[in-house]
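I opened this entry to keep track of what I looked up, in the order in which I looked. The sequence and the model come first, and my notes come after them.

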Amino acid sequence: MARGFGICQEETYANVLTFDDIELDWFQKMSEVNFELGDEAETDDGGSRSDVIAWAGAAKPSGSTSAAVDLQRITWYLRGFLDQYIQTAGEDDLNVHEFYGGEKHELPSFCGIAAYDDLKLAIFGLIIDSLKLEVSDSSMTANADWLYATEIAEILGINEEFIEPAELEDSQIPIRFYDANLYLGTYDSSNEIVWEKPGSVQTSFSFEGNNNHDQDGTLGLGSRFPQEKPQAAKRNINLSLATTLNRRSYRSILDARYGVVNASSPDRCRILKVPLKLEIVQCENPNQKLVIIFPECTLKAEFDLKGADRVEATLNLQTLGNGQVKLNNNTIVQTDIYCKLINKVGTLE
């Protein structure tokens with residue numbers, strides 16, 4: 001028996017295959033897997049005090065998964081969340097994957113299998129609507145919200161086993177909190193970013209992005225299920241990091257709170273904008289890493305006091321899309337997020 005979820009990228013959106021024809025790129029045992037058709041029945045009372053007729057309503061299939069993050073499988077999450085992707089071959093069986101946010105409204109779709117012991121669901125037209133990455137004092141987790149088109153089910157026989165695909169190399173090593181480092185940026189006289197670690201310890205970090213797909217626009221005459229790929233609307237990305245209010249952080253917290261460096265009171269009109277970088281280097285394999293750059297973010301600080309506990313401060317950031325990043329090929333792009341991932345996964349296209 002197996003419990004978990006796995007995916008592969010689709011060549012054609014929502015192309016329904018048999019279970020035998022689905023070749024998953026990976027399968028992962030997960031703590032949370034939930035997929036629902038979202039097909040609430042519609043009813044009519046005809047003037048009665050009770051409903052007297054019911055019929056099948058529009059289906060809006062959606063799901064959610066939660067799992068530990070490793071530097072191999074996260075390739076598919078980033079490919080699904082962002083619309084721009086470039087892969088180049090590296091050295092020593094390593095490849096460089098670059099992802100960044102652009103203006104495309106159609107994102108990649110996937111086929112997946114969700115396993116619930118002896119029950120399997122094959123899910124088609126999977127699209128990442130939102131993605132949340134969190135890390136504090138343990139391993140990093142990825143929570144994904146999916147939209148999809150349709151599904152088929154299969155019950156395994158009494159002596160039948162679900163055959164999982166071969167493990168991705170190094171995929172059993174999760175990202176731990178000590179693999180991750182955060183940096184805030186400032187601009188030097190030549191307008192280059194200088195990265196520095198914040199003054200005090202950061203105790204947690206979260207990334208929450210939403211593509212705001214328009215699933216309603218996929219429903220129309222002739223079928224109660226989605227008939228085409230949902231279009232992505234505005235991309236929202238919010239970041240949060242927790243730290244401690246102390247002498248090492250007073251100044252930076254006040255800068256964020258008041259909107260101007262070295263200010264001692266709120267500015268009349270300005271807000272503070274900074275670049276942020278998350279760098280993850282795998283302890284066991286330091287040549288594999290993930291760097292996520294948010295080239296321009298608004299920055300706001302909050303803190304509160306509770307008894308004799310340490311005073312925790314939270315920095316909340318919202319990305320802007322007019323920052324610039326240099327790609328591996330030296331091309332300059334304007335974006336709200338850029339990811340550079342070095343691992344052993346081949347190209348996804």
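**Basis.** I am working from a predicted model, in which local features need pLDDT of at least 70 and side-chain atom pairs count only at pLDDT 80 or more, while totals for chains, interfaces and linings use all residues. I number residues from 1 along each chain as its sequence is written, and side-chain values use heavy atoms, with hydrogens and water left out.

**Overall.** I looked up the secondary structure and found 2 helices and 22 strands, where helices (H or I, at least four residues) and strands (E, at least two) are DSSP runs numbered from the N terminus. Along the principal axes, the C-alpha atoms fill a box of roughly 65 × 65 × 45 Å. Of the 349 residues, 47% count as buried; buried means under 20% relative accessible area, exposed over 50%, and partly exposed in between, with a 1.4 Å probe and protein chains only.

**Strand β11.** Which strands pair with β11 (residues 141–147)? I took pairing to need at least two DSSP bridges between two strands. Strand β6 (residues 62–68) pairs with β11 in the antiparallel sense over 7 bridges, and Ala 68 stands opposite Thr 141 of β11. Strand β10 (residues 119–135) also runs antiparallel to β11, joined to it by 7 bridges, with Ser 130 having Asp 145 as its bridge partner. I noted too that β10 and β11 form a hairpin, with 5 residues between them.

**Helix α1.** I then checked the cover of helix α1 (residues 74–81) and found that 8 of its 8 residues are buried. Among them are Trp 76, Tyr 77 and Arg 79.

**Loop between β1 and β2.** Asp 20 has its place in the loop between β1 (2–9) and β2 (26–28). Is Asp 20 buried or exposed? I recorded it as exposed, because its relative accessibility is 75%. Asp 20 gathers with Asp 21, Glu 23 and Asp 25 in a surface patch of negative charge; such patches take residues with over 30% relative accessible area and no salt bridge, and join like charges within 9 Å. A salt bridge here is a side-chain nitrogen of Lys or Arg within 4 Å of a carboxyl oxygen of Asp or Glu.

**Loop between β17 and β18.** Pro 286 lies between β17 (272–281) and β18 (289–304), and I counted Pro 286 as exposed because its relative accessibility is 53%. From C-alpha to C-alpha, Pro 286 and Asp 179 are 9.5 Å apart in space, although 107 residues separate them in sequence.

Methods. Patches are made of residues with over 30% relative accessible area and no salt bridge: like charges are joined within 9 Å, nonpolar side chains (Val, Leu, Ile, Met, Phe, Trp, Tyr) within 5 Å. Accessible areas come from the Shrake-Rupley method with a 1.4 Å probe; for residues, only the protein chains shown count as cover. Lys and Arg count as positive and Asp and Glu as negative; His and the chain ends are not counted. The place of a charge is taken as NZ of Lys, CZ of Arg, CG of Asp or CD of Glu.
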